[in-house]
Amino acid sequence: MATTETSRASHELPVTTTDSSGSTAKKLTLVPLIFLIYFEVAGGPFGEEPAVQAAGPLLAILGFLIFPFIWSVPEALITAELSTAFPGNGGFVIWAHRAFGAFVGSMMGSLKYLSGVINVASFPVLCVTYLEKLFPVLESGWPRNVCIFTSTVVLSFLNYTGLAIVGYAAVLLGLVSLSPFLVMSAIAIPKIQPHRWGSLGSKQKDWNLYFNTLFWNLNFWDNVSTLAGEVDNPQKTFPLALLVAVIFTCVAYLIPLLAVTGAVSVDQSRWETGFHAEAAEMIAGTWLKIWIEIGAVLSSIGLFEAQLSSSAYQLEGMAELGFLPKFFGVRSKWFNTPWVGILLSALMSLGLSYMNFTDIISSANFLYTLGMYLEFASFLWLRKKLPEMKRPYRVPMNIPGLVIMCLVPSAFLMLIIVFATKIVYLICGLMTVGSVGWYFLINYFRDKKIFEFNQDADNVN
């Protein structure tokens, strides 16, 4: 990787780009990027079922219909503007640093990285949760633990082989994992009774589960920004890829949800993670249930690969910018991938994957929420601080409009914090305090020259 420095007058940070002098790595093009974004965010309707369990069919449908407009679209617009203005692998770290300085940039990097690896940890668990419905032996004990460990190791190695391979694999995985839901939705049409969509379910609502399910299924749009240095012509490719991915993701959630809630009448408590497979059996038979189970496994693979890539390339970008020691950015001689970032991210996610699934996604959401407040603030401040900076894509609003655009999702973020459980407060509190300590520890390492750094993050222009 090479670091390109620009003058202070240009209002740009150094960005990380693939060094063309000795690298044969392929850049990400439009279609693979669309599916990588899709897997950063969703990967299919797997995991949307608890929204029905928590609040009933009507609120689940309204949530997946309305939430993209108040959350996904604003986040995607911000990502499109800032990723094209600062096309480097540091992504949101660059944005926060340029807006508020090294400490905020470091906090943004730590919070988003921790939320990312926690999120990565959820996907092997989600995969096993679907598989256990076919193979009950995986419900608990050493078979479940071995399955989680093996899948993490194998998928991490696939990530090591290269981002272009991961991108094209995401295309295949996305199409194959969605196909059984299209079949199920088509078969369900004659059985749909529209009045079921209006059911509010039980009077007792689990708002913590409801909001966390919506948030977990429709966030992480900005994670792809950490791959900006690996994208072919990012100024043009990013906005179009994000637009297509937003539409694609929302449709992929809504169609199966409408089909199953309209065609199947069961006790609300059965709508837990993995229920789509049971519904497929009710609608069409065991063959479709097995097909969806296979799709869930493939989807989990895509989710794991996309999220692990973002986490690994984020560490590389932070190393290039001087937020981490230089060795965090070391690339493989064989595949030109950041193997140190991949290894560290995989090991951390493996350790976290043995947590309770609900606690995993709640912790990821909480840390991500803290990072998003910094991201909204960075976006607004950069508009005010650098109004003349070249932005290949620019959100078509002035400052007051942008403030309103950010305030609406910010209010929702507050709900994630308010409804968090005590264990989530504890985990995220410790990690936040650790992030503050990490910033000062890195400065100590730099001052004492214990590790080699590419540059001093405090002095980046």
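## Contact criterion and model

Contact here means heavy atoms within 4.5 Å. The structure is a predicted model.

## H5 against H12

By that criterion, Tyr113, Leu114, Val117, Ile118, Val120 and Ala121 in H5 meet Leu344, Ser345, Met348, Ser349 and Leu352 in H12. Sorted by residue class, this contact has 9 nonpolar residues, 2 polar and no charged.

Two packed helices are described by the angle between their axes and the distance between the axes. For helix H5 (residues 102-131) and helix H12 (residues 339-352), the angle is about 60 degrees and the axes are 8 Å apart. H5 and H12 are therefore oblique to each other, and their crossing is right-handed.

## H6 against H12

Helix H6 (residues 141-160) also packs with H12, at an angle of about 165 degrees and with the axes 10 Å apart. Because angles over 145 degrees count as roughly antiparallel, H6 is placed in that class relative to H12. The crossing of H6 and H12 is right-handed.

On the H6 side, the residues in contact are Ile148, Phe149, Thr152, Ser156, Asn159 and Tyr160. They meet Trp339, Ile342, Ala346, Ser349 and Leu350 of H12. The residues of this contact divide into 7 nonpolar, 4 polar and no charged. Ser349 of H12 is listed in the contact with H5 and in the contact with H6.

Beyond its neighbours within four places in sequence, Thr249 is in contact with Tyr38, Val41, Ala42, Leu218 and Trp221.

The side chain of Thr249 has a polar atom 2.7 Å from the backbone oxygen of Ala245. Thr249 and Glu388 are 139 residues apart along the chain, and their C-alpha atoms are separated by 34 Å.

## Leu321 between H11 and H12

Leu321 is located in the loop between helix H11 (286-320) and H12. What is the relative accessibility of Leu321? The value is 4%; since buried means under 20%, Leu321 falls in the buried class.

The C-alpha atom of Leu321 is separated by 43 Å from that of Ala54. Along the chain, these two residues are 267 residues apart.

Note on methods
Residues are numbered from 1 along each chain as its sequence is written. This is a predicted model: local features need pLDDT of at least 70, side-chain atom pairs count only at pLDDT 80 or more; totals for chains, interfaces and linings use all residues. Side-chain values use heavy atoms; hydrogens and water are left out. Axes are lines fitted to C-alpha atoms, for helices over the stretch in contact, and angles run from 0 to 180 degrees between N-to-C directions. Helices (H or I, at least four residues) and strands (E, at least two) are DSSP runs, numbered from the N terminus. Angles under 35 degrees count as roughly parallel, over 145 as roughly antiparallel, 65 to 115 as roughly perpendicular and the rest as oblique. A crossing is left-handed if the near helix is turned anticlockwise from the far one by less than a right angle, and right-handed if clockwise. Ala, Val, Leu, Ile, Met, Phe, Trp, Tyr, Cys and Pro count as nonpolar, Asp, Glu, Lys and Arg as charged, and the others, Gly among them, as polar. A polar contact is a pair of N or O atoms within 3.5 Å; within protein, one must be able to donate a hydrogen and the other to accept it, and residues adjacent in sequence count only if both atoms are side-chain atoms. Buried means under 20% relative accessible area, exposed over 50%, partly exposed in between (1.4 Å probe, protein chains only).
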